[in-house]
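Open your viewer and get ready to click.

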Amino acid sequence: MSSPCAPVRRVGLFGGTHGNELSGVLLVRHWQQDGAEIRRAGVEVKPFLTNPRAVERCTRYIDCDLNRVFDPENLGRPVVEDIPYEVRRAQEINHIFGPKGSDDAYDLIFDLHNTTSNMGGTIILENSRDDFTIQMVHYIKNALAPEPCPVLLIEHPSLKYATTRSVAKHPVGVEVGPQPQGVARADVLDKMRKIVKHGLDFIQLFNEGKEFPPCTVEVFKIMEKVDYPRNKNGEIIAIIHPKLQDQDWQPLKNGDPLFLTLDGEVIPYQGNCTVYPTFINEAAYYEKKQAFVKTEKIKLTAKHLRSSVSDQSSS
């Protein structure tokens, strides 16, 4: 049996966490001017531009990656003159939407991102045991079908992300591509908009007392990050093989071509199990020494879900 969950009353819609990912920037600015499509009865939905300075310059960040500094150390840093802009901004966001890990934090945040990789409309989860977000993802996937909506689970014992959205009780990343940095594509923006719309619809149905039976969702769980081949000076000496390029979420088997050197040598994948690469050749990850991310397919199940509102109305 499920235990009733409290209704979701406050939702943040974050755009511009990376200032050159334009779908979220444009949507948030549009919703700040005209919020009709994001209004839902009984829910405060707040569209918010997270990194305005980076947006102004159309760059990923000013001093450091805003999407990696929401850890206790950075959120607790004293504000001195030489503190990185994004750390100061993280503290401001934590003040408005948090504090992270507290009862006062926002219920849910959709953090809107673009990728240069061919990932389609992807949802990113951080917690494999969060029944509410698993149920919401199940609802969104069904609403979008037959259009695929892959789900990436970034829960990992040693890879720590400390994302902007992790301020909320239920953090949800929306990662849509392929779209070049500093460019907007109508098809990509539309996919992002639909994911948010269905997510907000789910929240409204949940708040109104609709019950959701137990469900199972297939997700891609992060295993490890893979770097490009490099020489002793740390310079890249091979690039993503054409047969791997744009093949996000497709199975990669032992012996499949992985990288191609400039001399024409093929470097194959060596692994004892089939994996599903994603974030393939992501432009922003060259600086992070990451050619792609290896994932495995797993299933997540969520218990029966209902809002505690229905208890009050029936009592």
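This tour visits a helix, a histidine and a surface patch in a predicted model.

**Stop 1: helix H1.** Select residues 22-33, which make up helix H1. Take the distance between the C-alpha atoms at its two ends. They are 17 Å apart.

Now colour the buried residues of H1: Leu-22, Ser-23, Gly-24, Val-25, Leu-27, Val-28 and Trp-31. An α-helix has 3.6 residues a turn, so residues three or four places apart point the same way. What covers the buried residues of H1? Show strands E1 (10-15) and E2 (44-49), helices H2 (52-57) and H6 (186-207), and strand E3; the cover includes them.

**Stop 2: His-113.** Stay with E3 and select residues 108-114. His-113 sits in this strand. Is His-113 buried or exposed? Its relative accessibility is 2%, under the 20% cut-off, so His-113 counts as buried.

Next, show the side chain of His-18. It makes a polar contact with the side chain of His-113, at 3.3 Å.

**Stop 3: the surface.** Select Ile-236, Ile-239, Leu-262 and Tyr-286. Together they form a nonpolar surface patch with about 390 Å² of accessible area. Zoom in on Ile-236. It lies in the loop between strands E7 (215-226) and E8 (238-240). With a relative accessible area of 33%, Ile-236 is partly exposed.

Terms used: Residues numbered from 1 in each chain as written. Predicted model: local features only at pLDDT ≥ 70, side-chain atom pairs only at ≥ 80, totals over all residues. Heavy atoms only, no water. Helix = DSSP H or I, 4+ residues; strand = E, 2+ residues; numbered from the N terminus. Buried < 20%, exposed > 50% of the residue type's maximum accessible area, 1.4 Å probe, protein only. Polar contact = N/O pair within 3.5 Å; in protein donor to acceptor, adjacent residues only side chain to side chain. Patch = residues over 30% accessible without salt bridge, like charges linked within 9 Å, V, L, I, M, F, W, Y side chains within 5 Å. Areas by Shrake-Rupley, 256 points an atom, 1.4 Å probe, with all protein chains shown as cover. Salt bridge = Lys/Arg side-chain N within 4 Å of Asp/Glu carboxyl O. Expected span 1.5 Å × (residues − 1). Contact = heavy atoms within 4.5 Å.
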